[in-house]
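Okay, everyone, let's get the structure up on the screen.

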Amino acid sequence: MIDGWEPLPSAPEPVGRARTAGPWTVADLRARGIGRAEAARRCGPGGPWRMPFPGVHLPHPGPIDRPTLLRAALAWAGGRPGEVLIGGITALELHDPEPVTGHAAPLAPPPPITLVVAHTRRLRAPAGIRLLRTRDLPRPVWIDGLPVVPVARAIADATAPGPDPAAGAPGATRSLMAAALIGGHCTARELLREVGRSRPDRRGGSLRALEGACADARAFAQDALWEVVRAVVGPPAGRDRPTGPGDDPITEPFRNVELRTSRETPGTVDAYWPREHVALVLDTRECSTGTVLPGETSQGRDVPRPTEEGETAGYTRRREALERIGVTVVHLTPRGLREAPDLQAVIVRTALTGAPDRPIGRYVAVLPN
């Protein structure tokens, strides 16, 4: 995964390079006193110019690299900055190429450039460009001066029925969604909102892929959590093993258990050290859609799922219940585990080694979840 796959907001920049390098539209040629006939001659066989799309000229010979081709496509569509956006698979290539190429061999030739435009624009796409018309043009993310749709929107457009490589392929759809969730580039709710814009008869496959992607992302976060635990616990034996209260080695915690007292059930935790009364709780809200997906029914009725506010309140109630019985809760997130695993290990180790300074909690029963 490329760490830089993050929305990078910035002030809009001009679509093209310096105007001496192009791409030039017919208006640019006119401003320079170059007529259409002369431009056509220069773009002809053996000429010094290139014309990748109708009315768009590149005043230099040789192959056209991908960034220049994208700027030429935007110049062909015209409009003010932000009125035409790069979308679909093309947008994902700019956000991060790995999720696009990771699920299949590179395509040859590459797919058409996907442009998202308002439904009122009267444009007829030439070869090499695919138009997606919409009544809901998203706010652009600017990457290297190019206006790009956000990641969740790009995935929804790329996986909708159509000519894009991931279209209609459940495995590819799930792979793209999981890569976005694991990388922290969007949340499951953002993906759900974008998928929900499609026609009802076309949502089923994407929604099922999203549910699978959420499971993949949660499993990835769990693996990252146990990598941190292993760093804290250290090797099975030896002088270099970390120590806890009383200079005793830090032991392996119980995994995925339910904590109970004689009066209440505080809830489940991902890891628990009974001697130190320290629990780890992994917050996976960004991997939760918070709504009902197809097939989730019980005796003919939909299975209710909590809202985002309800999930937040649930995490808060669990933490407060655990702290009431003397358990120290270390709250971890997939983003923290991904971006700063060493820091998370320090936080966990500090909680464990500080156990003697805290008051003894009630007796807590540890049950498998």
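So, the lining of the second largest cavity: by class, that's four nonpolar, one polar and two charged residues. For the classes, Ala, Val, Leu, Ile, Met, Phe, Trp, Tyr, Cys and Pro count as nonpolar, Asp, Glu, Lys and Arg as charged, and the others, Gly among them, as polar. This is a predicted model, where local features need pLDDT of at least 70 and side-chain atom pairs 80 or more, while totals for chains, interfaces and linings use all residues. Residues are numbered from 1 along each chain as its sequence is written, and side-chain values use heavy atoms, with hydrogens and water left out.

By cavity I mean a set of points on a 1 Å grid over the protein atoms alone where a 1.4 Å probe fits but cannot get out, and lining residues have an atom within 4 Å of a point. Volume is the space filled by probe spheres set on the points, with grid points joined across faces, edges and corners.

Who's in this lining? Val281, Tyr315, Arg318, Arg319, Leu322, Val329 and His331. The space is about 30 Å³. Helix H10 (308-324) gives the largest share, four residues, and strand S13 (328-332) supplies at least two. Helices (H or I, at least four residues) and strands (E, at least two) are DSSP runs, numbered from the N terminus.

Now the largest cavity, at about 60 Å³. Its lining has eight nonpolar residues, no polar ones and one charged. Phe220, Cys287 and Arg338 are among them, and H9 gives the most, with four residues.

Notes
On a 1 Å grid over the protein atoms alone, a cavity is a set of points where a 1.4 Å probe fits but cannot get out, and a pocket is an open set with protein on both sides within 12 Å along at least five of seven lines; lining residues have an atom within 4 Å of a point.
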